[in-house]
Amino acid sequence: MRPCRIAATISIALLPFASLTTPEAQELNPPSLPPVSDLSVEDKPLDAGEALKISFSRSPGDPAGHGPVTRYELFRSGPGGTEFVAVKSFQAQQAGNRFSYEDLNLRPGRDYAYFVRTHLQNGAYVDGARVGPVAPIRQWFFTNKFNTLITTALFIALVLFMIRAAKQGRELFIRKIAGLDAIDEAVGRCTEMGKPTLYVPGISTIADVATIASLNILGQVAKRIASYQSRILVPNRDPIVFPVTQDVVKLAFTEAGYPHNYRPDDIYFVTNDQFAYAAAVCGTMVRERPGANLLLGMFAAESLVLAETGASVGAIQIAGTDAISQLPFFVTACDYTIIGEELYAASAYIGRETSLLGSLKGQDYFKAVCIVLIVIGVLAMTLGVILEGAPFNFVKEMLRVRSTGG
Amino acid sequence: MQFQEILRLLQNIDRRIIYSVLFVAVTFPFYIDWPPVRIEVSREVEDAYNVIESIPPHSNPLMISFDYDPASAAELTPMAEAVLHHCFSRGIRVLAISLQYSGLGAGIASDVVPRIAAEYGRKQNVDWAFLGFQPNAVIAMLQMGEDFKKTFPIDYYGTPVNEIPLMEPIQNYDQIPAVITLASTAVGEYWAVYPGSRYGLKVLAGLTAVYTADIQPFYQSGQISGILGGLKGAAEYEKRIDKIGDGTAGMRSQKTVHYMIILFIVIGNIAYLLSRRRG
Amino acid sequence: MRIQLPLLICAIVGIFMAVQYFVPALLPIYNRLNDYLQIVYAFSIVLGVASVLHRHGGKVQKRRKDWVYSLAAIAAMVLMMLAGFIEGRGSGTLFQNLFNAVLLPVQATMFALLAFYLASASFRAFRTRSTDATVLLVAAVIVMIGRLDDGRSLAIPDMARWILNTPNLVAKRAILIGVGLGMASTALKVVLGIERSYLGSGKE
C-alpha cells in the first residue's frame, strides 16, 4: 500500500473522532433545526435614543419548553461593525413563544446589528439571519403629551399674569375661610387662659407641598403668639422639617420684638415613627393642656388619635390637610376644618402679600378653565353616545392623557 | 334620678363605657363564632381575581408590593395571604418587593411570603423571590420601568439578582403581567399614576378601607384594574378562592362593632331629641 | 448667599424637571438625578437616627424629666441595629423575632386605638342638630350597615355603594382637582422663589 493511501485511510478512520478534539461546539451545517427567522429590531419610541426594542419567536422546531433547544442567545455588533458579542441569554423553557428585550445604554444615531443563536441540547448551535444596521433615534418631544404641554403653559401664563396684575395694584377678592379666621380667635383664647398653643405641622417631609403651606401659617401664627407674649409648642416628626420650624419660630419671635421669649425646647423633634409620634403628641396634649390645637399639614391614620385626644382635653381645634381620606375625621372631631387647597391658600390669606394673592387668583381662573373643559367633555361624550358620532370622540381624544413613554 | 338628668347622661356617655363595650364587641366573636356573616364578592374584587387568574402558571411573575407598615398589618396581611394562596396554589410565580419607606413592609413580606410558599412546596428564587425594599417609592417605580436590576441589584437576602432564575427574563415592566400594591398610604395611588400611566402596567390595589374610597376614581377610569378594600375585601377574596382565613374571621368583629356604634348613635340621638322636645 | 444659592439650585432643578417631562432626550439626566435622590433619601434616615440620638442622649446625659424613657429608646434602637448587623434578617433571627414579637404588635396596637376613638367621635358628632348633620348621620348608618352586606331586602348595600361611588366621589374628585392645582401653584411659587418658607426664615 502506498504511503498516501495509508494516510488517507487513517484520516478517514479518524474523521468520526475529529469533533472530540474541538473545544468549542460546532455550528450545524446544514442545520437540523430551523433557526430563528423573525428577529425584529426597532427603535424604542419616545426615548433619548439609547435603546432598541428586540423581539423574536421560538425556532419553529422548538415547542414551548419541550424541544431540543436549551437557550437562545442574542448577539450584537456595535458601531463601526465591531465583532458580535453576546448581550442576553433567554432560557428556552419559559412559557410563551415570543421573547422580548430592550437593549439599553446604546449610542444615539449609531448602527447596531443583531442575530440570535439557538443552542441545542447536544452542544451544537444554529445562527439566525443578521438584522441591521438599525440605529436608535433620539426624540426631542413626547408627542403624546401635547395637550398636557398646552394646559401647563396656560396654567403658568395665568399664574404669572395674575401675579403681575396684583403687583400693579389690582384689587383681588378672596372669600372668607372660617378656619383661618379662627386662628386669631384661638390664639387669643390661649393667651387669656394662660395656656400654650400646640402647633402640629403634619407628618410629612419638607418636599410635601402641605408641609410648606403649614410652615407659612406657622410663621404667621408664631408672630401673633410672640406679640401676645404667649407660648407655642411645635413637636416635629421629620428630622429635616425640625430645624426649619425652629428657624421659622425663632425669626417670628425676633420680628415681633420678643426674641428673649423664644424657648428652643418648645420646638422639638420627637421620632419619625408615625404612631410613636402620635402617642408623644397626645402625651403633650394631656400634660400641657393647650388652649388651642392647630393640626395643619399632611396627616395619615394618626389624625383621629390626635383630634380626639385634643377634644378630650377641651382645646379649641383647627385642622387643615390635603389628605382627603383624613378630612372626615377632622370634620367630626375638630371645631374648624380647612379643606384641601384652602391650606395652600393660607399663606396668601393670612399674609396678604401681592404675589401670593396673584398666584392664588391665577390658580382659581385655571380652575374655571378646567370646569369649562369638563362641561365640554361631558357634553361631547354624551352626544357621542346618543348620536354615535365620530366628531364627538375627537374631543375625548384631545383631552385624554396617554401612556407609553416618559 | 330625674328623666332630664338621664337624658343628659345618655347624650354624654363616658368614653370609658363606650371603650369597654367596644372591647367586648371586638373580642367576643373570636370565641363564639357569632354573628353569622354573609360575604358577596364585589365587582372590584372579582376584577382583581380575574386579572391574577389570567396569568399563566410558571410564566412571568405577578409582582406584589408590600407598601404597608405593621400598623395596617391586621387589615392588609389577610389580603396578602389570600393573594399568595391563590398564586401558589395555581403555580403562578410571585415577585415580592416593598416600597414602604422605613423598611417595615419588608419585614412583613419576609415573614408572609416564605411562610405561604412553604405550604405549597414552592421554591425560593424559582417560584418566588423577594427583592427587598427601596425608601423612595416614586423613584423606585420609575427606575423599575427602565431596569429592575438597577433598582434591586441584590435581593433581600443578599443574592445578586442576576443569579436568581426567576429574574432571568425580567428586565422591566414589559415582562410583568400585573402588580398588586398592598398599601395604607397614597403609594397605592402612585402605582396607577406612574407605572400604570407611564408604562402601561396593569395595577391592582389592596388598600385599607379608608383609602379604598380615594382610589375609586382610578378604578372607574380604568387606571386600576381591581380593588381589594379593607378587611371586607380580604374576606371577599378568601371566599373567591375558597380558602377561609383571617379576613373572614375578622368580619364578625366588624359586624358587632358597626352595630354597637350604630346603637350608641341611636341612643344619643333619641336622648337629644327627647331633651329638645322637653325644652 | 445663604438664601440666593438654595433659590438658584431650586430654580434650575425645578425648571429642568418641568422641561424633562416633555423632552425624551433629557431622560438620562433625569434618571441620574433620581439616583442621586435615592442617596439623599438614604442619608435622611441617617439624619433621623442622629436626631433621635442627639435628643434622647441629651436628656439622659442631663438627667432631664423622664430620662429613663429616653434611655429605653436608645437601648431599643441599638439592640435592633446590632441584631440586624450581627445575625442578619432572615427567618428565625433575633432581628426578625423582635420585629414579629415586639414592633409589629406595638404598631398594630396603636393603630387599633383608632377603633375606640372612632366610636367616641361618632357618638359625639353624629347628632341631628341640623339638616346637614341629619343627612350625614343617615348616610353614615347606611354605609356602615351596607358594608356588612346586611339589609339586602331594603337594598341597603346598593344604597351604600351608590353613596360611596357617586356623591362621595363627586366631592372627592372636586377636592382632588383643587388640591392638584394648589400643589402645582405652590410648586411653581417654590421654583420661582416666591415661596421661601422651606428655607426657614426666608430672609438673609
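This is a predicted model: local features need pLDDT of at least 70, side-chain atom pairs count only at pLDDT 80 or more; totals for chains, interfaces and linings use all residues.
Figure 1. Residues are numbered from 1 along each chain as its sequence is written, and chains are lettered from A and ligands numbered from 1 in the order written. A polar contact is a pair of N or O atoms within 3.5 Å; within protein, one must be able to donate a hydrogen and the other to accept it, and residues adjacent in sequence count only if both atoms are side-chain atoms. The interface of chain B and chain A also holds 3 salt bridges (a side-chain nitrogen of Lys or Arg within 4 Å of a carboxyl oxygen of Asp or Glu). In one salt bridge, the side chains of A:K53 and B:D174 meet at 3.8 Å, N to O. Helix 8 (187-199) and helix 9 (209-220) of chain B are the elements that give two or more residues to the side of chain B that touches chain A; helices (H or I, at least four residues) and strands (E, at least two) are DSSP runs, numbered from the N terminus. Helix 9 of chain B gives the most to that side, with 3 residues.

**Figure 2. The contact of chain B with chain A takes 21 residues from chain B and 27 residues from chain A.**

Contact here means heavy atoms within 4.5 Å. Chain B and chain A bury about 1700 Å² between them, with 39% of it on carbon and sulfur atoms (buried area is the accessible area, 1.4 Å probe, that two parts lose on being put together, summed over both). Look for B:E168, B:Q171 and B:R198: they supply 29% of the area that chain B buries against chain A, more than any other three residues.

**Figure 3. Chain C and chain A bury about 4900 Å² between them, 73% of it on carbon and sulfur atoms.**

Within the area that chain C buries against chain A, C:F22, C:P24 and C:L181 supply 13%, more than any other three residues. This contact takes 51 residues from chain C and 63 residues from chain A.

**Figure 4. Chain C and chain A are joined by 1 salt bridge.**

The side chains of C:R124 and A:E308 meet in a salt bridge at 2.8 Å, N to O. The rule also finds 10 residue pairs in polar contact across the interface of chain C and chain A, both residues at pLDDT 80 or more. Helix 2 (27-61), helix 4 (94-125) and helix 7 (167-192) of chain C each supply at least two residues of the side of chain C that touches chain A. Helix 7 of chain C gives the most to this side, with 16 residues.

**Figure 5. An open sheet of 3 strands in chain A has the order 1-2-5, with antiparallel pairing.**

At the edges are strand 1 (40-43) and strand 5 (98-103) of chain A, each pairing on one side only. The twist averages 20° from one strand to the next. Strands pair if DSSP finds at least two bridges between them; here 6 bridges join strand 2 (residues 52-57) of chain A to strand 5 of chain A, which run antiparallel.

**Figure 6. Chain B has an open sheet of 6 strands in the order 3-2-1-4-5-6, with parallel pairing.**

Strand 3 (128-133) and strand 6 (226-229) of chain B stand at the edges with a single partner strand each, so one side of each is left without a neighbour in the sheet. From one strand to the next, the twist averages 15°. Strand 5 (residues 203-207) and strand 6 of chain B pair in the parallel sense over 4 bridges, and the bridge partner of B:G206 in strand 6 of chain B is B:L228. Helix 3 (residues 43-53) of chain B packs on the sheet, touching strand 1 (62-67), strand 5 and strand 6 of chain B, and its direction makes about 120° with that of strand 6 of chain B. Helix 10 of chain B lies across strand 5 and strand 6 of chain B, running at about 115° to strand 6 of chain B. Axes are lines fitted to C-alpha atoms, for helices over the stretch in contact, and angles run from 0 to 180 degrees between N-to-C directions.

**Figure 7. Two backbone details are worth a visit: the peptide bond from A:G132 to A:P133 is cis, with omega near 10°, and B:D242 has a positive phi of about 60° although it is not a glycine.**

A:P133 lies in strand 8 (residues 131-134) of chain A. B:D242 is found in the loop between helix 10 (230-241) and helix 11 (246-277) of chain B.

How values were computed:
Side-chain values use heavy atoms; hydrogens and water are left out.
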